[in-house]
Amino acid sequence: MAYEAKTNWQLDDTVTEQDMNRIEQGLKDAYENSLISPPPEQVNLGYGLQVVDAKRTAPLENICIKGRTLVNLLGRDGNFESSPTGWSNFQSTTVFDTANKSYGLQSLKVNITSTSGGIVRTGQTFKAGKYYLVSADIKNGNASLAFISLDSLGQSNTVSDKTKFSIAYRKVNPASDTTINVSLLVNGAVDQYAYFDGVRIYEITQTEYNAIDSMTPEQISVKWPYVDDIKSIYSPYIIKHGENLLPPFTEWNVTAGSGGTPKMSVDDAYSVNLIADQSGQAVYVDIPVIPNTTYTLSLPSLPVNGYIGFNSFDANMQFVSAYGGFTSDASKTITTEGNVRYLKVIFGNNTFGAGIYKFIKPMLNLGPKAKTFKPLNEDYLFFPNVQLASNADGTVYDTLFQRDGKYWKLTRFKTVELSGSVKWDNLSKDVGVKAITTDKNTLSDALLGTNSLGITSFVKYNGKLLADYPGKSNIPDTGWIAADQSVRVAISNVDSGWGDLYDPSSEDIGAYFNGWRMCDTSDPTGKTPYNKSGTQGWFWVTDTSANPSIIFSLPTYRAGNGWKPYSLQYQLAKSTPEEIIVEGGITFHEGLNQIEIGNGLVVREQASPFFNGDTNTYVNNIFLGGGASKLKNKTLKILKVYRNELEDNARWIFYKGAHTFGQSEAYAKLGNYNPSAAYTVTYLTLDQYSLTCNVLSIQGEYAGNVRTAVDTMAAGQADLLARVSVLENTKAQKLQGQWITPTLLNGWVSEGSGYSNPGYYKDQFGNVHLSGVIRSGVTSTFTVLFYLPARYRPKNRLNLAIFTFDGSSTGICSLHIEADGSVKIGSINCKQYISLDGISFLAEQ
């Protein structure tokens, strides 16, 4: 029978024989249960924020993620980041709008010149028996409404909301092949307008099609967000935000409220002074939260006349609630509404005036009860540079899984770039088109389908999806893997610049796949293909100006101006397991855990901090130093800064400024930055549509009881020791070939223009190699160009001869590499340009 505890014993109660037997039986049952290993508790995590109510403290184990790929049938033509391709105006005018956007830098503002108008895309085909979702993000400006029209296939829901972008969508299942116009329409009066962004068309499964009617608009947006062309899950992550959800005060801001010039002085991570000069001033921080969830804010005490409070906001940062205003109590509990996504936590002086208000040890936790203060202690599990793909209907997919303490990926798909480095040759030609091919067995691992062709998704440099092989090779913008496992592409002469009379060489084809279009230079517009007469020229395919910049020698390097190479995703004939590298681990604490699932994470990207001369050094600022510290992608949030591979967050302050590339940059004060160190940064990307689609589900489990939790941790410790020993023995090989970009000093910058960027790496034998061309810095003797970090330095000074030139003449000057890692000019005859190519030496310290 079940054990019944007596919990109301009094000092004078009589303990009977029955009582003692019951107590002993309870102890026996508890002991025996502790020896049993019950099934683990299953966890299914979805995209975004959620709460996991853990029954005990235990690590998250046996994680599994299935791959997913979204194929936007519009390519990149719906992101409106550049002049809209394939769309025409109908009773409307259009302009880009950077103030109102759902994705990227801008949306398309459509002004109507009649009572109804918009933009139209013709010739969109929907296949019989297939299932599709057509959607866009729309914000009404001052019109009556806006929507998507699909001619005979119906129209989307209408959008009239003027405060935020909302999804408009229409599911489609045509009975026969149907070619229609896709129209983005606005209804209202002349000169009224609406904004459109993130237009996408996805082929979906019948199960997904049937489920749409039971989904909320937000759920549809999460499952089918906008992506450029073809995107799979990239760099997924799990973050457990800790019991205290508040960051250190170094990440807070100060607001004047109704006026004045307040200041904020941080004593330590969780002690701040609000230096107010009038009433209504405060310090604050914005925290992502979960709708319909209870949160409690508490402090040990409040300063005299100090107040705390909340404001809540929806996903578009529109105000929702103030929860009764400020309170002078040391704690406040609120429950978020269904549309709340952010809480602004506010510490201020309310109606009281000037003074210094000290707030210490704030705690924001899940649930209705205040908890004892703990500093923010986030757990994370990162899967850097891992791509998880699937076929169109999701029946074949990559799988990430955990086994014996290690993480593995069962790879079913591969993505390759098709650039000028591939060996290309002619296949066939017809009027206005040429088909080219690689050698046979270029993709010998590709699966061939029932038609003896590869199973592919093929994207052109401009984001257009290439059609499958149509049965002949003279149809432009088609691409396929042939039966001999070569890669073949049909290219129009207008696109390549190769005239009907001209047969391109392998080098010519390589230039095209590096982003260059050939032309007859007698036509300054570049629109006339070269036809074996006149003078050849080349210009970037991304240069859409009336008179593009033409060069006269065959380019062997990649074009610029945002050019992206062709890419090909294909299914493998044989699945391949491979171990993957991860960072971190997740341990649930007993009770409520706030968990975040996402993707688009960049881990340990090489950073080039910029010292501004005002005692601060910056990372990811697009103004200072001409953007020298800018990261590769716009940031949503910088998570960690590393110095010489070790976490360095304590020395950096994270914030968003007027010149931040994205939403997050970092700076270090004087004394916190070491110019001789190598820095890397881990961050979440802002424009995820250009990198990844959303991971929808992550499965895992944690221990079913305390014994299992202890066993799991013991096994994990053994696995960890084994992995560390392997890592220690192979670290040199792991580092081989990893180029590091130095922080250039004293005005020196990378030359670019086809030359290698400055960099260094250490091979497995301990030799350091330098490369690249730099220019335009101070050329006086002993000027420091950059610093090499510890373990990349010579034991004694090296005096090396290097090439230098000024655009018209070349020469030799000396370069000193010092034992402290400084790389200096060693003589006075250095010119505007310096080449570091070919330098190598043994690293002895």
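A disulfide is a pair of cysteine sulfur atoms within 2.5 Å. The structure is a predicted model in which local features need pLDDT of at least 70, side-chain atom pairs count only at pLDDT 80 or more, and totals for chains, interfaces and linings use all residues. Residues are numbered from 1 along each chain as its sequence is written, and side-chain values use heavy atoms, with hydrogens and water left out.

**Exercise 1. Determine which cysteines form a disulfide, and describe the bond.**

Step 1. A search of the whole structure finds one disulfide. The partners are Cys-813 and Cys-830, with their sulfur atoms 2.2 Å apart.

Step 2. Cys-813 lies in strand E58 (residues 810–817), whereas Cys-830 lies in the loop between strand E59 (822–825) and strand E60 (833–835). Strands are DSSP runs of E with at least two residues, helices are runs of H or I with at least four residues, and both are numbered from the N terminus. The two cysteines are 17 residues apart, and the pair links distant parts of the chain.

Step 3. The torsion about the S-S bond of Cys-813 and Cys-830 is about 80°, so the disulfide is right-handed.

Step 4. Both Cys-813 and Cys-830 are buried; this term means under 20% relative accessible area, with exposed over 50% and partly exposed in between (1.4 Å probe, protein chains only).

**Exercise 2. State the bounds of the domains and the separation of domain 3 and domain 4.**

Step 1. The bounds come from an automatic or database domain assignment. This assignment gives domain 1 (73–226), domain 2 (249–377), domain 3 (411–573) and domain 4 (749–842).

Step 2. Taken over C-alpha atoms, the centres of domain 3 and domain 4 are separated by 37 Å.
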